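Welcome! Let us take a friendly walk through a few parts of this structure, starting with a pair of strands and moving on to helices.

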Amino acid sequence: MDVLVWLIPISLFLGAVGLIGFIYTVKSNQYDDPEGDSQRILSKEWDDHPKP
Amino acid sequence: MSTATLSACPACSAAPSAQDIAARAAIRDVKLTLSLPTIHCSACISAVEQALNAHPGVNDARVNLTLKRAQVDAGSAVTADELVHTLAAIGYEAHELDPGSAAVTATDKAGRDLLMRLAVAGFASMNVMLLSVAVWSGAADATRDLFHWISAFITFPTIAFSAQPFFRNAWSALKVKRLNMDVPITLAILLALVTSLWETTLSGEHAYFDAALALTFFLLAGRYLDHRTRAIARSAAEELTALEVPRAWRVVDGEEIQTPVADLHIGDLIRVRPGARMPVDGEIIEGRSELDRSLLTGETLPVPAEPGTAVSAGEVNLTGPLLLRATAVGQDTSLHRMADLVAVAESGRSRYTSLADSAAKLYAPGVHILSALAFVGWYLYSWDLRTALNIAAAVLIITCPCALGLAVPAVTTAASGRLFKRGMLVKHETALERLASVDTVVFDKTGTLTAGRPLPLGLDRIDDASLSVALALAEGSAHPLSQSLTRALRDLAVPPAPVTDLTEMPGYGTQAQLNGQTVRLGRAGWAGPSQNGGTGAVLSIGEQVVEFTFADDLRPGAEQAVAALQAAGIHVALISGDRQAAVADLAARLKITDWTAEALPGDKSARIQALQDGGAKVLMVGDGLNDTAALTAADVSISPATALDAARVASDIVLLGGDLSPIPSALTTARAATRRIRENFRIATLYNIIAVPLAIAGLATPLIAALAMSTSSITVSLNALRLR
């Protein structure tokens with residue numbers, strides 16, 4: 001059971017990383033156009049290099 | 001100081017001015033927002049973005065498919081009109097939006113706030129669930145206590161942050177001594193926390209931390225979906241309002257000054273250009289023109305206007321510039337008075353209680369009584385406060401209103417999203433439920449079934465020489481009848497006659513010389529005598545007189561919409577303020593047998609009342625001010641985006657595109673959605689019938705509570721997603 005001392009903090013840490021990542025995506029307007037984003041994947045534009 | 005700068009670095013003296021120029025350019029660079037009601041796929045996105053980016057002067061254009069808008073960052077030379085034309089050329093309908101209106105540019109703050117709380121609740125509930133699984137699978141003694149304590153440390157701050165919307169709503173309801181859905185939710189969460197903490201301090205076996213978090217998470221998900229649907233509808237509705245022109249040209253000492261409509265006063269002189277809408281009620285003191293009153297009265301044909309004619313706000317000036325003296329402004333104009341009357345009248349939507357509301361009315365007191373009874377019963381039976389409180393908390397958690405809080409928003413979101421994709425904007429939250437019960441559809445004529453664009457009739461009965469003279473004259477005028485005649489004749493490849501001295505007489509028509517003869521095209525009585533009461537235009541070549549008659553063009557999709565509704569067994573009626581003959585003609589074309597012409601606004605709403613008294617559920621589709629009373633009286637109402645502001649406000653659903661054909665499918669979607677909501681209520685009831693007795697009997701463990709709650713939430717959500 002000693003392993004719990006490590007595993008619980010690790011699981012909380014990983015969860016927190018996910019949460020912070022999510023907060024970052026919200027703050028940078030990534031949920032403003034979910035419909036458009038799902039369609040843009042299908043477009044061939046900017047397939048070779050990212051939009052400048 | 002400038003000399004010092006010069007001596008140190010000659011280039012620096014140039015730098016500030018360069019910065020100034022850059023700053024000025026940045027100010028002059030405009031952000032335009034266009035509404036694009038018809039886009040729907042990735043091909044549309046790239047076509048629109050490429051067309052906009054290729055337009056000279058455009059720096060960047062980005063399409064937002066969710067809101068059906070494009071944001072364009074462009075130089076000062078670019079106007080929205082050009083962009084609208086560019087898009088029209090590649091087949092996309094576009095409207096400019098007022099960038100000053102907050103809804104167009106502001107990001108959705110409340111939505112983000114909810115999303116953040118949802119994310120935190122999700123994160124915490126997963127972690128706590130992980131710890132709880134260990135407890136359920138047999139962790140005991142010190143390990144169990146440790147896990148409970150960690151759960152408590154995660155849960156308390158999370159609930160304090162994430163459940164705030166519920167606490168706030170519950171508190172505001174309790175302050176005015178009322179019960180709403182949030183009261184039992186808040187009570188369940190708080191009671192679960194208190195009993196779980198108590199259990200944990202006493203090294204007890206049952207803690208409901210995971211249940212409290214999962215409850216918060218599921219309900220926040222429902223709340224977020226609900227918010228998103230409404231936010232999209234609200235911003236799109238505000239966009240339409242932004243289409244209204246808020247400025248007028250006031251004449252002071254012979255000079256025209258652009259003035260906000262709100263700042264106009266009685267007695268001001270106002271210049272109204274051809275094509276513009278009257279900003280105020282007034283009297284014409286200079287100029288001759290014709291007025292389009294169709295939005296106010298439903299009349300298709302223009303009305304002549306000359307000095308002394310009284311005009312009302314909302315009428316459109318067609319041919320010549322007019323000078324008005326304002327007799328009523330702002331809230332006192334007849335337009336506003338009529339709109340206010342509508343606002344006061346009791347509307348179909350206020351009479352209706354939504355399915356969710358009527359369920360909540362049963363639910364909220366029921367749950368409180370049930371859990372109070374469980375508490376009192378167990379306390380009297382065992383004289384053990386801890387057990388009694390534990391069971392009361394379990395009852396509250398088990399009866400979690402997931403079907404109400406999550407399933408209804410999930411269904412409405414799915415249905416509204418579907419309708420939005422087809423170009424219909426659902427403005428009111430109970431509109432779908434009311435739409436589902438409709439068995440009678442009443443249409444207005446002008447501007448609703450017809451596009452408000454006149455088409456010349458019987459051109460093949462007129463000789464070619466007259467047609468070519470007519471084309472030459474019609475080309476010289478911006479009047480709608482002339483323009484439609486020009487288009488029709490050009491399509492027939494008629495060559496224009498070589499006329500000279502072409503002049504337009506505003507309010508009358510155009511006149512020119514041909515081979516020494518005076519030729520005129522215009523109003524009957526001026527251009528020449530007329531046989532059929534002067535409903536069209538008259539062409540005179542010397543003594544010879546030719547008459548053109550016009551009929552209103554059908555709106556795209558009108559025929560299909562009416563046919564599909566009739567095929568679905570729905571009674572279709574037509575009520576118009578227009579003349580008998582025009583209405584009869586249209587009714588025959590659309591095969592509508594039940595029609596009424598020359599109806600006053602009061603007649604329209606009276607007719608709808610009569611239908612309702614006969615037990616019918618009426619959907620009204622209309623666009624003019626004369627329809628607003630009827631739109632309000634009907635059980636549910638639809639208006640096109642081109643409708644007058646007051647009509648759009650009065651209606652529950654706005655058609656964003658020019659096409660009427662989505663109306664029948666909206667009825668189908670609404671029926672499917674309502675069926676789904678009822679099914680979800682049945683699922684939730686069934687689940688409560690099984691789970692509540694277990695909880696009251698004291699057999700519910702946190703594991704059973706978690707399983708039951710998740711199963712019911714997921715079942716109802718999946719059922720909502722089945723909506724196709």
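In chain B of this predicted model, strand β9 (residues 289-292) pairs with β12(B) in the antiparallel sense over 2 bridges. Within that pairing, B:L291 stands opposite B:N317 in β12(B). The two strands belong to an open sheet of 3 strands, ordered β10-β9-β12 (chain B), with antiparallel pairing. Since β10 (303-305) and β12 (316-317) of chain B each have a single partner strand, they stand at the edges, so one side of each is left without a neighbour in the sheet.

| Helix pair | Axes come within | Crossing angle |
|---|---|---|
| α26 (residues 662-696) and α27 (residues 702-721), chain B | 9 Å | roughly 165° |
| α9 (residues 182-201) and α15 (residues 385-398), chain B | 9 Å | roughly 140° |

The angle of roughly 165° makes α26(B) roughly antiparallel to α27(B), and the crossing is right-handed. Residues of α26(B) including B:R676, B:E679 and B:Y687 meet residues of α27(B), among them B:M709, B:V716 and B:A720. By class, this contact has 6 nonpolar, 4 polar and 2 charged residues.

How does α9(B) lie relative to α15(B), and which residues meet there? The crossing at roughly 140° makes α9(B) oblique to α15(B), and α9(B) passes α15(B) in a left-handed crossing. From α9(B), residues including B:L187, B:L191 and B:W198 meet residues of α15(B), among them B:L389, B:A393 and B:I397. This contact of α9(B) with α15(B) has 12 nonpolar, 2 polar and 2 charged residues.

Conventions. Residues are numbered from 1 along each chain as its sequence is written. Chains are lettered from A and ligands numbered from 1 in the order in which they are written. This is a predicted model: local features need pLDDT of at least 70, side-chain atom pairs count only at pLDDT 80 or more; totals for chains, interfaces and linings use all residues. Side-chain values use heavy atoms; hydrogens and water are left out. Axes are lines fitted to C-alpha atoms, for helices over the stretch in contact, and angles run from 0 to 180 degrees between N-to-C directions. Helices (H or I, at least four residues) and strands (E, at least two) are DSSP runs, numbered from the N terminus. Angles under 35 degrees count as roughly parallel, over 145 as roughly antiparallel, 65 to 115 as roughly perpendicular and the rest as oblique. A crossing is left-handed if the near helix is turned anticlockwise from the far one by less than a right angle, and right-handed if clockwise. Contact means heavy atoms within 4.5 Å. Ala, Val, Leu, Ile, Met, Phe, Trp, Tyr, Cys and Pro count as nonpolar, Asp, Glu, Lys and Arg as charged, and the others, Gly among them, as polar. Two strands pair if DSSP finds at least two bridges between them.
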